[in-house]
Amino acid sequence: MTPHVTIIGAGLGGLTLARVLHVHGIAATVHEAEPSPAARSQGGMLDIHDHNGQLALKAAGLYDGFLGLVHRGGEASRVLDRHGTVLLDEPDDGTGRRPEVHRGDLRRLLLDSLPAGTVAWGRKATAARPLGDGRHEVTFADGTTVRTGLLVGADGAWSRIRPLLSDARPEYVGRSFVETYLFDADTRHPVCARTVGGGSLSALAPGRGILAHREPGGVLHTYVALDKPLEWFEAIDFGEAEAARARIAAEFEDWAPALRALVTDGETTPVLRTVHSLPAGHRWDRVPGVTLLGDAAHLMAPSGEGANLAMYDGAELGEALAAHPDDVEGALTAYEAALFPRSAAAADEAARVHHLCFDADAPHSLVRFFTGHGQAG
């Protein structure tokens with residue numbers, strides 16, 4: 001019989017694993033550092049892909065609930081140059097291959113599907129150590145510990161569980177994003193709203209870009225991309241919102257006013273999101289009683305696949321454990337045998353997408369890729 005599963009991290013991957021295990025009658029506890037489900041904003045829109053994220057939700061028995069969360073029209077996308085010229089404008093085709101949902105809504109769907117008490121809140125893992133015979137002990141910030149015969153690190157980029165398996169550490173890729181929002185955009189920021197349209201906007205140039213997405217309720221969620229060293233960003237006081245916005249906007253002085261306004265008119269304190277990745281092809285030797293999923297396993301530059309991969313990892317691991325109830329090591333071996341090549345391929349694709357978005361010929365390189373008139377360099 002599969003032992004009680006200890007999952008570190010209540011992101012989408014860890015919760016998907018817990019849900020699939022529950023569907024198969026396998027007990028699990030998810031330990032999450034945040035003090036409650038509403039402790040912080042859960043980010044913006046996610047496009048959930050039919051070849052991985054949607055399959056995970058079907059394995060979790062939540063596909064119909066997911067369909068009820070879809071932001072209709074959100075699959076529309078535009079590519080612009082820095083002058084605001086629209087180079088590509090694709091409407092939502094209604095096929096549902098990559099429907100958009102809000103990350104917070106999807107997380108709530110997963111949380112509500114779990115038995116009460118499955119998630120232990122305010123449990124920040126600080127360290128983990130092997131006890132022998134496939135057992136491990138996790139220490140939390142409050143000094144408490146838990147011992148388990150099956151440990152899963154779903155705790156993201158700076159995983160405390162990864163060192164049990166790998167010495168790899170995330171490295172800065174030379175690019176960061178600065179996040180900001182506009183609210184009630186159709187009324188209060190109509191030019192920006194028209195520029196973004198009904199879905200996503202990518203205004204790109206070599207080494208920089210303004211990427212925005214329309215969310216329900218007239219919200220425009222913007223990420224400003226800049227290829228700069230960490231020291232450049234560290235010199236900005238992001239607590240001084242107006243000054244920080246001005247410093248970032250200064251990198252876009254010759255851009256169209258409607259694009260710059262997505263930065264200068266931001267209504268929230270700008271948030272820095274540095275981009276790190278694990279080494280290409282990251283993998284580890286089989287260690288009894290422990291494995292990883294999501295960013296803990298295969299952190300890569302954001303390309304629209306991260307959440308999908310994390311959920312798919314969780315579903316695949318849950319189904320592997322259900323298929324090998326008397327052979328945990330067999331289940332983990334089978335899971336990792338598929339995980340490693342899948343992760344490597346996704347990391348290669350993420351690197352290619354970033355190259356297309358920010359290379360010397362951006363945004364034209366991305367447009368050629370989308371229209372089938374060119375390949376990545």
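This is a predicted model: local features need pLDDT of at least 70, side-chain atom pairs count only at pLDDT 80 or more; totals for chains, interfaces and linings use all residues.

Reader: Fine. Is Glu-137 buried or exposed?

Author: Glu-137 has a relative accessible area of 10%, so it is buried.

Reader: What does Glu-137 form a salt bridge with?

Author: Arg-147. The closest N and O atoms are 2.9 Å apart. Glu-137 sits in strand β9, Arg-147 in strand β10. Arg-147 is exposed, at 52% relative accessibility.

Reader: How many salt bridges does the structure hold?

Author: It holds 21. One of them pairs Asp-254 with Arg-82, with the closest N and O atoms 2.7 Å apart.

Reader: Where do Asp-254 and Arg-82 lie?

Author: Asp-254 is in the loop between α8 and α9, and Arg-82 is in the loop between β4 and β5, so the pair ties together parts 172 residues apart in sequence. Asp-254 is partly exposed at 47%. Arg-82 is partly exposed too, at 29%.

Reader: New topic. Which residues have the most contacts inside the largest nonpolar core?

Author: Val-5, Ile-7, Leu-106 and Leu-321. That core has 58 residues. A second, separate core has 29 residues, including Phe-252 and Leu-262.

Reader: And what does Val-5 touch?

Author: Among others, Leu-21, Ile-26, Leu-150, Val-152 and Leu-321, leaving out residues up to four places away in sequence.

Notes
Residues are numbered from 1 along each chain as its sequence is written. Side-chain values use heavy atoms; hydrogens and water are left out. A nonpolar core is a set of buried Ala, Val, Leu, Ile, Met, Phe, Trp, Tyr and Cys residues joined through side-chain atoms within 4.5 Å. Buried means under 20% relative accessible area, exposed over 50%, partly exposed in between (1.4 Å probe, protein chains only). Contact means heavy atoms within 4.5 Å. A salt bridge is a side-chain nitrogen of Lys or Arg within 4 Å of a carboxyl oxygen of Asp or Glu. Helices (H or I, at least four residues) and strands (E, at least two) are DSSP runs, numbered from the N terminus.
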